[in-house]
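Hi everyone, thanks for making time.

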Amino acid sequence: MTLNNYLTSMKMLVIGLFIFFGTATSVFAQDADTAISDLEFTEIGAETAPVDTVAAAPTSTEVKATKDSTATAVTAVTQEKAEDQSLIGIFITGFIGGLAALLMPCIFPMLPLTVSFFTKGSQSKGTAVSRAMFYGLSIIVIYVVLGLLVTVIFGADALNSLSTNGVFNFLFFVLLMIFAISFLGAFEITLPSSWVNKMDANSDKGGLAGLFFMAGTLALVSFSCTGPIIGTLLVQAATSGALLGPAIGMFGFSFALAIPFALFAMFPSWLSALPKSGGWLNSVKVVLGFLELALAMKFLSNVDLAYHWNWFDREIFLVLWIVIFGLMGLYLLGKLKFSHDSPVNFISIPRLMISIVVLSFTVYMIPGLWGAPLKSISAFLPPQGTQDFDLYTPTLTGGNGGTAAASNHSEGKHKYADIFHAPLNLNVFFDYDEGMAYAKKVGKPVMIDFTGHACVNCRKMEANVWPDKAVYSKLSNDYVIIQLYVDDKTELEESEKYKSTFSGKDVKTIGNKWSDVQASKFNSNSQPYYVLLGHDEKPLVSPTGANYNPEEYLQFLESGLTAFKNK
């Protein structure tokens with residue numbers, strides 16, 4: 001294999017790594033994807049709740065109205081930006097996935113053959129370019145339709161709830177494990193040969209219809225390589241809750257896949273610069289298999305948290321990731337081989353550099369076994385409270401209270417404290433009525449945190465924003481925090497079960513109850529969702545979702561405290 005081939009393969013392996021971290025873009029965008037709902041609900045809340053009387057100074061009606069309208073406008077603009085960023089993130093993730101798919105053994109060798117068909121079968125360069133562009137457009141249409149079908153089949157509401165559904169999360173875990181094992185070489189995922197034969201027969205018709213069926217043939221033939229990438233992308237887009245997420249993700253994927261066909265048809269001489277097919281293609285595939293394996297662990301963690309199995313605590317999760325990425329680093333160094341791998345006679349400098357990056361990331365995670373926050377990947381990890389041996393959290397309080405349960409305080413043990421973990425040793429209540437009663441007793445405002453076990457943005461807020469000294473001080477000293485898990489599967493006592501007057505559904509679990517409270521009281525269904533309440537149980541200021549800027553989040557808390565004091 002030439003040095004040029006190695007350089008190309010190493011660049012593509014980097015792209016493979018970007019796929020994994022790129023999925024964070026779509027996963028972290030979960031709350032932004034529900035920004036449409038938030039925007040609508042915020043406007044309703046502004047009309048139904050007397051926010052005006054507490055959010056502004058009591059000296060002038062005009063001042064109060066101006067402040068309230070300004071807060072609503074700022075919230076609307078923020079949410080609109082979040083929505084745009086979410087879809088852009090999903091598109092970028094899909095685009096990176098499409099670039100990686102180009103390097104799969106099922107597609108890369110077909111690239112020069114397909115482009116040669118256009119250039120040799122056309123009488124002019126213009127005809128070849130137009131045919132290739134239609135071929136690329138057909139690829140885009142096929143995959144975008146696939147993304148739209150996911151939305152149509154599941155529906156907008158279902159997509160929004162997938163990320164917090166334990167059954168779906170377990171199915172996603174199994175699905176990604178199958179994809180990972182396939183990429184590692186155990187077997188190939190293929191579609192029925194009859195489908196491929198029928199599509200290939202239709203591609204011989206000629207004309208535009210023939211080109212469209214030719215694109216369909218590519219999609220079917222390459223499914224063994226692209227299927228796991230497409231499946232992972234659709235899972236991430238669907239669980240983000242965005243209505244157009246699957247379609248946007250498929251557009252980015254197919255756009256990246258279609259570009260080379262049009263470009264090489266326009267500039268056929270570029271084909272000579274492509275590296276030859278070889279063992280490096282399989283290396284890209286195996287690396288993606290390791291990444292799929294790592295990502296699958298996140299979905300299993302979601303299920304473990306929702307059903308309180310307590311099998312998959314933070315340190316167990318980290319041990320698995322350390323082993324997975326450590327093995328990936330050894331594979332890149334040629335120390336780990338599979339039966340279908342080509343022999344690695346020497347390690348090129350680019351491959352060595354990528355190995356260093358992967359192994360450095362592996363070492364970076366090791367301190368997490370003792371409680372290091374690992375902020376760059378905190379959204380993927382189980383909550384810090386599941387850590388059995390945590391040397392980090394006590395440092396937030398000067399070393400005090402590190403060994404005591406965060407839910408045991410002078411007022412006694414909190415309800416549901418046995419099954420939920422209070423973040424950062426904060427005095428957190430897990431029941432709405434209990435928390436409100438305590439707030440009235442101590443004369444403090446309330447911060448309700450509508451959260452979820454599978455909410456990656458919630459974990460990121462708790463790991464990256466709440467530990468900020470000023471924010472932590474406000475949360476610890478000035479507010480009574482009530483965390484309500486909307487995706488918990490614990491059955492309620494028979495006496496607590498009821499039929500929701502808001503949705504008409506039976507409320508049987510803790511998650512059902514708090515989800516109904518969020519929807520009926522605050523007209524929202526996104527997480528995280530932070531609501532600052534006075535003792536009259538009405539919002540002090542406009543609620544907000546995830547905000548990763550500690551200063552802005554601190555301003556949100558201070559504005560609520562000011563409104564509470566002015567009541």
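What percentage of the 567 residues of the protein chain count as buried? The value is 55%, where buried means under 20% relative accessible area, exposed means over 50%, and partly exposed lies in between, with a 1.4 Å probe and protein chains only.

A quick word on the source. This is a predicted model, so to speak of local features we need pLDDT of at least 70, and side-chain atom pairs count only at pLDDT 80 or more, while totals for chains, interfaces and linings use all residues. Residues are numbered from 1 along each chain as its sequence is written, and side-chain values use heavy atoms, with hydrogens and water left out.

Now the overall make-up. The protein chain has 21 helices and eight strands; these are DSSP runs numbered from the N terminus, with helices (H or I) of at least four residues and strands (E) of at least two. Take the contacts, meaning heavy atoms within 4.5 Å, between residues at least 6 apart in sequence: 73% of them join residues at least 24 apart.

Let's go to the sheet. Four strands form an open sheet in the order β3-β5-β4-β8, and the pairing is mixed. Two strands pair if DSSP finds at least two bridges between them. At the edges sit β3 (428–429) and β8 (529–533), each pairing on one side only.

The neighbour of β8 is β4, residues 446–451, and the two pair in the antiparallel sense over five bridges. Across that pairing, Phe450 stands opposite Tyr529, and Ile448 faces Val531.

Is β8 mostly covered or mostly open? It is mostly covered, with five of its five residues buried. Tyr529, Val531 and Leu533 are buried on one side, and Tyr530 and Leu532 are buried on the other. In a regular strand, side chains alternate between the two faces of the sheet.

Next, helix α21, residues 550–565. This helix lies across β4 and β8, at about 25° to β8. Axes here are lines fitted to C-alpha atoms, for helices over the stretch in contact, and angles run from 0 to 180 degrees between N-to-C directions.

Helix α21 also meets α19 (residues 469–477): their axes come within 9 Å and cross at roughly 30°. That makes α19 roughly parallel to α21, a label for angles under 35 degrees. Residues making the contact include Val471 and Leu475 of α19, and Leu554 and Leu557 of α21.

Methods: Angles under 35 degrees count as roughly parallel, over 145 as roughly antiparallel, 65 to 115 as roughly perpendicular and the rest as oblique.
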